[in-house]
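Please walk me through this structure in running text, going from local detail to the overall arrangement. State the cut-offs behind each term where it comes up.

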Amino acid sequence: MTQIELRGVQKFFGAVQVIKDLNLKIDDNEFIVLLGQSGCGKTTTLRAIAGLETIDGGDVLIDGKPVQHLKAADRDIAMVFQSFSLYPHMSVYENIAFPLRAMRKSKAEIDGEVRSVAKVLQITDLLGKKPSALSGGDMQRVAIGRALVRRPKAMLMDEPIGALDAKLREEMRAEIKRLHIKQGSTTIYVTHDQIEAMSLADRIVIMHEGVLQQVGSPTEVYTHPANLFVAQFVGSPVMNVANAAVTMNGSGARVTVDGAAEGFLFPAELVGQLDAANVEQDRLALGIRPEGVMVSREPADGYLPVEAHIIEPLGSYDIVDLKVGAQMLRARTRSGFVGKPGVQVFAKLDPAQAHFFDTTSGASLGVRL
Amino acid sequence: MAAVTTSAERSLNKLAIVGVLIVTMIFLAPIYWIASTAFKPRNLATTIPPTVVFQPEISPFVKLFTKRSQLRTAPTPEQYAAAPWWERLVFDGGEKVVRSGRGEVQWSGYPSRFMNSLIVAITSTILAVGMGTFTAYGFSRFKIKGEQDLLFFILSTRMLPPVVVAIPMFLMYRVVGLNDTHWGLIILYTAFNLSFSVWLMKGFMDEIPKEYEEAALVDGYTRMEAFFKIVLPEAATGIAATAVFCFITAWNEYAFALIMTNRRAQTAPPFIPSQVGSGLPDWTVIAAGTFLFLLPVAIFTFLLRNHLLRGMSFGAIRK
């Protein structure tokens with residue numbers, strides 16, 4: 001049972017504050033992914049938990065006990081580095097045995113545990129080799145083995161598959177997930193790759209400029225982003241964001257994108273919800289994912305005429321740029337659905353997939369239709 | 001680069017190889033001269049033109065290690081027959097080996113000088129490289145206030161030529177009683193090599209990714225353990241290279257050794273030339289002393305050649 005908690009953690013590098021008042025509670029056996037652009041403070045947070053970085057304020061608690069004054073060696077936490085950091089002068093066997101030797105275990109115990117972890121990771125035949133003779137994927141397996149072997153309270157992974165090529169990354173991602181399910185340890189995983197985050201995490205922690213933006217399950221952060229940053233950071237292709245105004249029109253609401261002649265039809269309750277949020281309804285940011293933009297080749301009820309611009313065929317689907325007013329909205333269509341650029345098609349927004357944000361603060365207005 | 005080498009390029013390559021060979025031979029010529037003179041009979045050492053083909057003999061080395069005096073009268077056949085083979089070589093050269101009253105062979109000054117050189121060079125190299133490695137690690141891994149100034153200060157100790165400080169050092173050493181002692185020279189050479197060792201090792205330490213130690217720290221080791229188990233083995237190449245350079249400097253040092261020592265702690269470099277002036281110089285003996293003097297550095301460098309050539313091979317870090 002390992003819980004990790006960060007309470008009001010602050011960290012400065014000189015005058016630059018890299019972690020700003022970070023609060024986070026991680027449950028036992030949870031797989032948490034810290035997601036953010038480079039320089040957002042996610043790696044520093046991980047290193048602070050590991051004890052490789054001192055913090056300037058707040059507490060790091062493991063199982064309820066503050067550990068910020070403890071050395072890395074005394075925190076019983078394992079870490080996998082992006083660079084793998086396998087000791088080049090030691091064989092794979094010695095690398096994996098290294099943490100066990102620190103625990104002064106007997107030779108027989110060490111041998112048993114190294115071999116059992118090697119079996120789990122399918123690296124038994126590599127035990128005699130030097131790290132320099134291994135492929136990237138095998139290096140990573142060994143690094144994970146070294147972390148797993150002493151059954152630490154928690155596993156920290158700093159972009160562990162970032163250095164691998166795309167195909168191997170996918171394989172290793174599945175392997176890490178399989179291992180986590182099998183071994184079940186509290187894991188904190190740092191990445192800038194949102195696909196990795198979505199596929200691995202129980203909960204994703206999104207950080208930006210040292211500030212925690214949102215914590216939630218992959219579905220939660222995808223479907224209900226807390227702010228514009230999260231909305232645009234999570235999901236590929238990126239969510240469309242356009243300045244828009246909401247007006248009441250007869251029985252329904254109209255959402256008019258800047259520069260457009262006509263607005264998209266929305267349920268009337270949108271206005272009620274915006275009223276409750278107490279915002280200027282003529283200056284909002286509309287966010288909609290490409291799959292929320294519905295396209296028709298024929299005019300239909302509620303569909304507005306738009307012009308198709310660039311078409312990106314991505315195999316299983318196409319991404320089509322539609323010119324709506326002064327803005328481009330990207331829509332996800334069946335592959336080959338829109339014949340060629342320049343043709344007129346008809347578009348509608350799915351109200352259930354629309355998000356509204358405050359243009360100044362970027363915060364979500366919490367509209368759910 | 002063209003994938004196929006043309007015949008012009010090939011002949012150019014051959015020409016370059018010939019050029020390199022010629023330069024190598026020019027550089028090796030003095031060493032060959034010394035080595036060959038060390039095995040020449042005395043009368044062939046100074047011939048003009050130089051003798052290249054000769055029957056090599058070991059007598060210069062026998063003479064190098066023994067105390068000798070000129071023979072006034074030739075040894076009697078009994079004396080000659082009773083003498084061991086090496087003593088006969090000295091008789092053949094018109095000299096005799098000096099023996100004590102009890103008949104023990106008297107050693108020349110060379111073996112003790114050679115030993116002094118070994119003691120001083122090895123001890124000062126171990127000290128300079130050891131302290132340099134620790135200091136470099138500190139500078140490389142920790143933020144230190146005024147780091148650049150401190151490093152410059154360390155280097156600045158190297159900026160004065162030894163001769164400039166030799167006289168004040170001599171006076172200070174006289175007061176503290178370090179003149180003509182092994183420790184006196186060891187301290188001097190260590191201090192002299194330390195700046196070099198710190199700077200060289202800092203370069204090597206900077207090359208070792210700090211993730212290795214961090215991994216060891218997380219794996220349950222203290223920083224000291226991480227240093228000895230991870231950093232030191234990784235720095236082996238750098239340590240070997242630094243040790244070779246420090247050893248060569250201490251081994252060859254002449255000015256301090258000449259001024260600070262005269263008997264007990266005198267090293268080989270000031271001793272060998274001093275033999276030129278005593279009586280009629282026997283160049284074969286001096287060549288033998290010089291030849292032996294060259295060997296330790298050559299052997300040391302040869303033993304560490306893999307470390308020197310291998311360079312940094314950190315295959316297990318992805319950058």
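In chain A, A:Gly325 takes a positive phi near 60° in the hairpin of E17(A) and E18(A), which has two residues between the strands. The strands themselves, E17 (residues 317-324) and E18 (residues 327-334) of chain A, run antiparallel and are joined by eight bridges. Within this pair, A:Leu322 has A:Leu329 in E18(A) as its bridge partner. Helices (H or I, at least four residues) and strands (E, at least two) are DSSP runs, numbered from the N terminus, and two strands count as paired if DSSP finds at least two bridges between them.

The model is predicted: local features need pLDDT of at least 70 and side-chain atom pairs count only at pLDDT 80 or more, while totals for chains, interfaces and linings use all residues. Residues are numbered from 1 along each chain as its sequence is written, and chains are lettered from A and ligands numbered from 1 in the order in which they are written.

Elsewhere in chain A, four strands form an open sheet in the order E2-E1-E4-E5, with antiparallel pairing. Its edge strands are E2 (16-26) and E5 (65-66) of chain A, each of which pairs on one side only. Strand E4 (residues 57-62) of chain A pairs with E5(A) in the antiparallel sense over two bridges, and A:Ile62 stands opposite A:Lys65 in E5(A). Strands of a sheet pair through backbone hydrogen bonds, either parallel or antiparallel.

Taken as a whole, chain A has nine helices and 20 strands. Its C-alpha atoms fill a box of roughly 80 × 45 × 35 Å, taken along the principal axes. Chain A is divided into domain 1 (4-225) and domain 2 (240-358), with bounds that come from an automatic or database domain assignment. The C-alpha centres of these two domains of chain A lie 41 Å apart. UniProt, in an unreviewed entry, lists residues 4-234 of chain A as "domain: ABC transporter"; UniProt positions are given in the numbering used here, feature names are shortened, and annotations may be inferred rather than shown by experiment. Over residues 4-234, chain A is 36% helix and 26% strand, and the end C-alpha atoms are 25 Å apart.

Of the 369 residues in chain A, 43% are buried. A residue is buried if 20 or more other C-beta atoms lie within 10 Å of its own, exposed if 12 or fewer, and partly exposed in between, with C-beta atoms placed from the backbone. Contacts (C-beta atoms, placed from the backbone, within 7 Å) are counted in chain A at a separation of 6 or more, and 64% of these link residues 24 or more positions apart.

The largest nonpolar core has 152 residues, among which A:Val33 and A:Leu156 touch the most other members. Such a core is a set of buried Ala, Val, Leu, Ile, Met, Phe, Trp, Tyr and Cys residues joined through C-beta atoms within 7 Å. Its largest share, eleven residues, comes from helix H8 (residues 182-207) of chain B. Domain 1 (4-225) and domain 2 (240-358) of chain A both give residues to this core, so it lies between them. Leaving out residues up to four places away in sequence, A:Val33 touches several residues, including A:Tyr189, A:Ala197, A:Leu200 and A:Ile204. A second, separate core of 17 residues includes B:Val97, B:Val285, B:Ala287 and B:Ala288.

Where the chains meet, the contact takes 24 residues from chain A and 19 residues from chain B. On the side of chain A that touches chain B, strand E6 (77-80), helix H2 (92-102) and helix H4 (136-148) of chain A are the elements that give two or more residues. The residues on this side of chain A divide into 19 nonpolar, five polar and no charged. Here Ala, Val, Leu, Ile, Met, Phe, Trp, Tyr, Cys and Pro count as nonpolar, Asp, Glu, Lys and Arg as charged, and the others, Gly among them, as polar.

For chain B, the unreviewed UniProt entry lists several spans as "transmembrane region", including residues 151-171 and 183-201. Residues 151-171 of chain B are 76% helix and 0% strand, with end C-alpha atoms 28 Å apart. Residues 183-201 of chain B are 100% helix and 0% strand, and there the end C-alpha atoms are 24 Å apart.

B:Leu21, in helix H1 (residues 7-37) of chain B, is exposed because 10 other C-beta atoms lie within 10 Å. B:Ala255, in helix H12 (residues 255-260) of chain B, is partly exposed because the count within 10 Å is 15 other C-beta atoms. Not counting residues up to four places away in sequence, B:Ala255 touches B:Pro162, B:Val163 and B:Ala166.

Definitions and conventions
Two residues are in contact if their C-beta atoms, placed from the backbone, lie within 7 Å.
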